[in-house]
Amino acid sequence: MTAEATVGPADMHHFDDETGAFATEAFAFALRRARSDIEGVPLGHPRTPAELDAAASGLRITEDGLGPNEVLRVFAEVLEPACLSVDFPRYFAFIPAAPTETSILADMVVSACSIYAGSWLEGGGAVWAENQALRWLSDLAGLPPSAGGCFVSGGTMGNLSALVAARHAAAARRAGGTGARPDRWVVVTGPSSHASVRTCAQVMDAELVVVGGERLTGAALRPVLAEVGDRTCAVVATAGSTNLGLVDDLASVADACVEAGVWLHVDGAYGLAALAAPSVRHRFAGIERVDSLIVDPHKWLFAPFDACAVLYRDPSVAKAAHCQHGAYLDVLTESGDWNPSDYAVHLSRRARGLPFWFSLAANGTRAYADAVEHCLTTARAAAELVRLAPHLELVVEPELSVVVFRRRGWAEDAYVAWSRRLLESGLAFVVPSTHAGETVLRLCIVNPRTTVADVEAVLATLA
């Protein structure tokens, strides 16, 4: 019996004429959406569940199915427009993204290849390429040739994976010294750490101690470490805080951690991309001394969601903490191969670092440096526009590409109403934030397609 004869009329795993027609439409849609040279890509607009129920009333999961072309039509006409385009040039809220065309199309290629990238045995080619991208990031940070890690879904999972490795290392030190583990481990962090650090501590059932001050420094950290003692399993510093874009004093923090014998992890999910930019690289002095770090290529390194790189100075410590064991895994764990599943809280994983590697290899590292520098230049210009406007005022001097400012005379309700009007008009997406108890505005600029004119258009609405 031939393979063709075994295919039933409703077999999903069969490339027939309908699938071919869908492929043509799907590729055309993806290509249109990926092209940055086409004007008028809308910001999008959130819709309520009731609105989507009504607009997509013809799209329901049925016993016989609707056909792929009909489902794509509803997605293109109803569902995708109800999502905000994070790569829209005037998307300034949270941390936007601006994947390159190469990385977007590469993501399609990677998905088509159905690669399991948790082990070298099954995905060695993909893992090799991911490791090349990780090596570039390690070199930017000045980590030793032995450093390595893997790509995970995002900063939360990257921070958690690094902190689990830190806890394992602390427990091993205790076993060789004072013995028993403490009743509860402690994670020490600075005032501008990301919310995910608190979440990680909760997941690990660790106590979180936050050091006071504007940013984490060695001077402020030392007395805290002395008080907590050997219950500390890790210190988490921040390299580019989400809210203000601030960088902790990494060099002095590293000094304090070395003196105390404590693991230093740096959350650089957003900010460490700026290591590619010579103009601000000095802000990260001391990064070469960390035990672990994270940086998200899906933020300021122009990769599609989702990709966070977690890197370890000594990957063997991370492997000891994370490697899963089971009879069905022995063929992998006993091979001695580099298996990405051994370096984070995961087992199954897609080759999420491959689109980043594609773009990095295709465009070259100079293009990345130029793109990051362009964003920094735009952010500096935005800050100058704020300085020149009598009704606006900078809250802090920008260190990277986050510009935080206030509109004089406004209270929280005025900011919220303005933000809503801006989104409803489709002009831009900017949401209020807070600093020191005050409602403020922030523009996060990580899209090289964002221009000074885009910033001017938004600021003009604040007059």
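**Helix 5 meets helix 13**

Helix 5 (residues 120-141) and helix 13 (residues 354-363) pack at an angle of about 65°, their axes lying 9 Å apart. This is a predicted model, where local features need pLDDT of at least 70 and side-chain atom pairs count only at pLDDT 80 or more, while totals for chains, interfaces and linings use all residues. Residues are numbered from 1 along each chain as its sequence is written, and side-chain values use heavy atoms, leaving out hydrogens and water.

A few terms for the helices:
- Helices are DSSP runs (H or I, at least four residues), numbered from the N terminus.
- Axes are lines fitted to C-alpha atoms over the stretch in contact, with angles from 0 to 180 degrees between N-to-C directions.

- On the helix 5 side, the contact (heavy atoms within 4.5 Å) includes Trp128, Glu130 and Trp136.
- Helix 13 brings Leu354, Phe356, Trp357 and Leu360.
- The contact residues split into 10 nonpolar, 1 polar and 1 charged; here Asp, Glu, Lys and Arg count as charged, Ala, Val, Leu, Ile, Met, Phe, Trp, Tyr, Cys and Pro as nonpolar, and the others, Gly among them, as polar.

The loop between helix 12 and helix 13:
- Arginine 352 sits in this loop, and it counts as buried because its relative accessibility is 14%, with buried meaning under 20% relative accessible area (1.4 Å probe, protein chains only).
- Leaving aside neighbours within four places in sequence, arginine 352 touches residues including Glu130, Phe151 and Asp306.
- Aspartate 342 is in the loop between helix 12 (330-333) and helix 13 too.
- Not counting residues up to four places away in sequence, aspartate 342 touches Ala318, Lys319, His322 and Cys323.

Notes
Helices (H or I, at least four residues) and strands (E, at least two) are DSSP runs, numbered from the N terminus. Buried means under 20% relative accessible area, exposed over 50%, partly exposed in between (1.4 Å probe, protein chains only).
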